[in-house]
Amino acid sequence: MGKSLFIAEKPSVAQEFAKALKINGRKSDGYIESENAIVTWCVGHLVTMSYPDAYDQSLKRWSMDTLPFLPREFKYQVIDDVKKQFKTVKSLLNRADVDTIYVCTDSGREGEYIYRLVEQEAKVHGKQRRRVWIDSQTEDEIIRGVREAKDLSAYDNLAASAYLRAKEDYLMGINFSRVLTLKYGPAVASYLNEKRAVLSVGRVMTCVLGMVVRREREIRSFVKTPFYRVIGSFEVPGIDDMMISAEWKAVEGSKYFGIPALYKENGLKERKTAEELIGFLSKEPMEGILVGLEKKKETKNAPLLYNLAELQNDCSKMFKISPDETLKVVQELYEKKLVTYPRTDARVLSTAVAKEIYKNIGGLKNFQPLSQYAEEVLNSGTYKGIAKTRYINDKQITDHYAIVPTGQGFGALRSLGSLQMKVYEVIARRFLSIFYPPAVYQKFSLHMEKQGEHFFANYKVLAEEGYLKVAAVVSKKAGKDAVEEKKAKESEGEQEIDLSQGEKAKALLAMLAKLKKGQKLALKNLEIKEGETSPPKRYTSGSMILAMENAGQLIEDEDLRATIKGSGIGTSATRAEILKKLFNIQYLSLAKKTQVITPTLLGEMVFDVCRASMKQLLNPELTASWEKGLTYVAEGSITPDEYMEKLERFVALRTNSVKQANNQYMLRPYFDAAAQFYKK
């Protein structure tokens, strides 16, 4: 009987497989071998696509004559820095005594691609190959993954989509970067007083650049508009020092309804008009009638679990760290067996996981900050019905379920840094919160009328804490965001009563509960509150990740928006890296303290070049539709040949279009328009 060879993506993962599978053999250079099994590893990518000069030395020089570059057969090569490990892996894959290969690279498109390239270059034949697909690196999950490993051919469509994704990035990157550099590089370099300028573009990164530049230009062109709100303070009979603050609105029946002087329904464009309104309302009797009173309960369930994009967004807000830092931290937590696979788009769990969810919960009794809540959940038994809730949905899971604590790996807690500990706690709190009841709010909607004019007040009080008691993460920066959110709600006319603020808050709640429709309320004061319209907000690193995930919302075409729903641009595995590249090539700038993203002058110039030459690259429609196409290949809905034909046609058409253009001298006014915002 031959040996089994287990090949992992990284040395640390290989060690976990060796430990879980009890492969206690001798350690050699690049692998571990026992009597029956061998464990080896890649170090990330061992093989990559060859540069054009590997096809023909003349292609090393950038020239319009050699574009578009569309090879019939693609060439690959071993990466120089890892040739030694590739040689080791190749020899093991082809050893005569190895009859079964277990592919244990990361369970996703990129992990599939890493192994397939190695197998291709190592020219492996005649071996049984099985794919291990796991959601965490715990011992139980590794053993299950090996036991249930499918034949590698079951993942051929996924591998095809991985190859196509790489070919797409390669062809667009090489052809578009070369043709744009040759056509427009001299104009860009001249404007920046540089010797040369290389314009780097890509399928996803140029689209992201477009989103940031468009947002920045919207902010610049935004003109603030002042508006004036009229606020009335009403007193409840028999209750001193207790006022109801209500906002005037020009609803139907108001003499201001539909007039040009209105800004929305609750504001006036000129102070003078607001003053006239106050004058009109200041006639005796100074009282209003409570013509509308609605009391209702509102429940709010715990949010869905974390996928990578949601976690990156929250960590950006709470800890002011970039998406690639968040991914690095959660990857470390995954490798320490503390959380499940991080590169996931799903926000739900599978029915299989639901059956053993008590293990994940029980393990959290070992995590001191949340041990009390884990104990509560187990004692209450709420986890037993979780399979019937919205948090469990097999149809919403493609490769992996949401990021949750494994309930294991606590021996590694002592080795965690403070940031790792915080991110772990955020994940664990979100997980435990789904086993708690919803938060319950008591809401009061009041409608007062005086002289045909109408005032409205909305109050909200948290009656039952529910999941909020476990979900809350203590963070100064998160606290600032909460304060801003509260202010925004108040500006929209909703006043939140916090019962923890003492007797006055409780008295206000008691007063609201006693109000009756038809009651007369004394109007004690009328005042004008000045406001102004706000420009769009700049993207932060976290909100950009979410915007990339939800890029379909930016698409006007309804059919296309529906087609790419859930696809977005980039993938959970690549979005952070794409942003990082845009910062590194200095097209975008990141403010570390706030995580706010702004374009650079060079980035705006590249945007203008693309807009003048191949504006499709700047649009989420194109980028997201390509991503959806890759999903169709992975699902087997379309063939790789069909996809490749469409890709080559697009690359050739766009490249030739730029070659024939003669508009590089028309870009100067656009460069000037952007440059004025970068003068020191």
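Which backbone oxygen does the side chain of Gln312 reach? The close-ups below start there. This is a predicted model, in which local features need pLDDT of at least 70, side-chain atom pairs count only at pLDDT 80 or more, and totals for chains, interfaces and linings use all residues. Residues are numbered from 1 along each chain as its sequence is written, and side-chain values use heavy atoms, with hydrogens and water left out.

**View 1. Gln312 in helix H8.** Gln312 sits in helix H8, residues 308-319 (helices, H or I, have at least four residues and strands, E, at least two; both are DSSP runs numbered from the N terminus). Its side chain reaches the backbone oxygen of Pro323 at 3.1 Å. Gln312 is buried, with a relative accessible area of 1% (buried is under 20%, exposed over 50%, partly exposed in between, with a 1.4 Å probe and protein chains only). Among the residues that Gln312 touches, beyond four places away in sequence, are Thr326, Gly542 and Ala576 (contact means heavy atoms within 4.5 Å).

**View 2. Lys3 in strand E1.** Look for Lys3 in strand E1, residues 3-8. Lys3 is buried too, at a relative accessible area of 14%. Beyond four places away in sequence, Lys3 touches residues including Ser34, Arg95 and Asp99.

View 3. Strands E19 (residues 588-591) and E20 run antiparallel, joined by four bridges (strands pair if DSSP finds at least two bridges between them). Leu588 stands opposite Pro599 in E20. Four residues lie between the strands, and Gln595 takes a positive phi near 65 degrees. In E20 (residues 596-599), Ile597 and Pro599 form the covered face, while Val596 and Thr598 form the uncovered one.

How values were computed. Polar contact = N/O pair within 3.5 Å; in protein donor to acceptor, adjacent residues only side chain to side chain.
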